[in-house]
Amino acid sequence: PAAPTGPQRCGLIAIVGKPNVGKSTLMNALVGQKISITSRKAQTTRHRITGIRTQDNTQFVFVDTPGFQTRHSRALNKSLNKTVMGAIGDVDLILFVVEAGSFTLADAKVLSLFKPGIPTLLIANKLDTVHRRHEIAPWLRDMQERHPFAEFVPMSAKNKGDIERLFGICEKYLPEQAWFYGPEELTDRSEKFLASETVREKLFRFTGDELPYTSTVVIDKFDEEPSKTHGRFMRIAATIVVERDGHKAMVIGEKGEKLKRISTEARQELEKLLDAKVFLEVWVKVKSGWADDEARVKSFGYE
Ligand code: GDP
Ligand code: K
Ligand code: MG
């Protein structure tokens with residue numbers, strides 16, 4: 001490609017919405033690599049995660065957020081909400097994600113948090129799942145009444161053409177300024193953090209709906225060791241923390257089958273992500289009530 005000409009453009013774009021609307025899927029598609037874990041479960045994303053894409057003159061810095069929690073009582077939920085509010089305070093553009101054709105009380109609650117003045121796009125996601133397409137136009141008119149959205153983008157995060165079109169739309173809202181990151185950088189998160197998130201994603205995926213969301217993953221060891229046969233060798237130890245003995249049994253599974261599957265899939269994905277040979281050990285520990293305990297929530301890395 002020809003070298004870019006003209007001034008650099010760069011800005012922050014927050015991806016916000018209630019749980020499970022496809023925020024992390026969108027972010028990964030925009031960045032072109034899996035940075036943020038996804039699953040069918042609410043509360044998969046627990047941190048503010050930055051994904052970077054540099055294209056021609058423009059650097060897009062996307063900020064994926066946890067879905068805003070409407071149940072305030074637990075310390076974990078309070079911490080997640082603080083993360084969302086922090087992320088939308090100081091951005092150039094907000095992508096407010098909903099499921100196309102739907103607007104629930106939970107969506108309205110998220111929308112009510114937005115400060116006026118920051119341009120906001122309505123991302124009507126999962127359009128591929130909408131059978132009655134003719135109902136989308138009246139629904140969009142209804143959405144226009146609810147908030148002064150800058151633009152409406154009916155799309156599917158799983159459609160490449162839609163993703164490319166979204167870049168063109170976002171670009172207009174980014175100011176002329178020097179890039180914040182190098183052109184090759186994809187995220188501001190460490191490899192160690194991505195390792196804990198990868199284990200957590202497999203945990204969420206392979207435990208079906210029976211395991212409550214109050215489990216977390218702590219990385220106890222993340223060491224690079226010299227290797228004669230492989231370019232890079234990583235020794236990683238992770239602990240899955242759950243709230244009850246019964247949950248521990250669920251994670252381990254019959255004859256340890258489930259835990260084995262979680263660690264095998266996590267290792268395979270980490271080998272790709274870290275471009276290394278990986279030795280991964282995964283343990284399970286019970287710490288009752290950790291999600292209600294503010295100090296514990298902090299000690300496990302939540303803001
Ligand atoms: P988040 O909680 O908002 O971050 O949502 P996720 O990105 O984790 O996605 C929740 C679920 O919706 C996952 O099962 C995704 O595969 C699915 N999903 C996301 N975007 C789309 C889409 O455009 N179309 C369809 N059919 N499914 C999607
Ligand atoms: K999710
Ligand atoms: Mg998410």
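User: What stands opposite Leu122 in E6?

Analyst: Phe152 in E6 stands opposite Leu122. Strand E5 covers residues 120-125 and pairs with E6 in the parallel sense, over four bridges. Strands and helices here are DSSP runs, with at least two residues (E) for a strand and at least four (H or I) for a helix, numbered from the N terminus. Two strands pair if DSSP finds at least two bridges between them.

User: Before I go on, where do the numbers come from?

Analyst: This is a predicted model: local features need pLDDT of at least 70, side-chain atom pairs count only at pLDDT 80 or more, and totals for chains, interfaces and linings use all residues. Residues are numbered from 1 along each chain as its sequence is written, chains are lettered from A and ligands numbered from 1 in the order in which they are written, and side-chain values use heavy atoms, with hydrogens and water left out.

User: OK. In what order do the six strands of that open sheet run?

Analyst: The order is E2-E3-E1-E4-E5-E6, with mixed pairing. Strand E2 (49-55) and strand E6 (151-154) are the edge strands, each pairing on one side only. On average, neighbouring strands are turned by 25 degrees against each other, direction ignored.

User: And the three-strand sheet, what's its order?

Analyst: That open sheet goes E7-E8-E9, again with mixed pairing. Strand E7 (216-225) and strand E9 (277-286) are at the edges with a single partner strand each, so one side of each has no neighbour in the sheet. Its twist averages 15 degrees from one strand to the next.

User: How many bridges join E8 to E9?

Analyst: Ten, and strand E8 (residues 233-242) runs parallel to E9. Phe233 stands opposite Lys277 in E9.

User: Which helices lie across E7, E8 and E9?

Analyst: Helix H6 (residues 191-206) does, at about 130 degrees to E7. Helix H8 (residues 257-274) does too, at about 140 degrees to E9. Axes are lines fitted to C-alpha atoms, for helices over the stretch in contact, and angles run from 0 to 180 degrees between N-to-C directions. Contact means heavy atoms within 4.5 Å.

User: Switching topic: how is the chain divided into domains?

Analyst: Domain 1 is 9-171 and domain 2 is 191-299, with bounds from an automatic or database domain assignment. Their centres, taken over C-alpha atoms, are 27 Å apart.

User: What about the area buried between them?

Analyst: About 1900 Å², with carbon and sulfur atoms giving 49%. That's the accessible area (1.4 Å probe) that two parts lose on being put together, summed over both. Helix H2 (residues 75-88) gives the largest share of the domain 1 side touching domain 2, four residues. In total, 21 residues of domain 1 are in contact with 26 residues of domain 2.

User: How many salt bridges are there between the domains, and how many in the whole structure?

Analyst: Zero between domain 1 and domain 2, and 16 in the whole structure. The rule is a side-chain nitrogen of Lys or Arg within 4 Å of a carboxyl oxygen of Asp or Glu.

User: Which residue does Lys126 form a salt bridge with?

Analyst: Glu99, with the closest N and O atoms 3.1 Å apart. Lys126 sits in the loop between E5 and helix H4 (136-146) and Glu99 in strand E4 (residues 93-99), so the pair ties together parts 27 residues apart in sequence.
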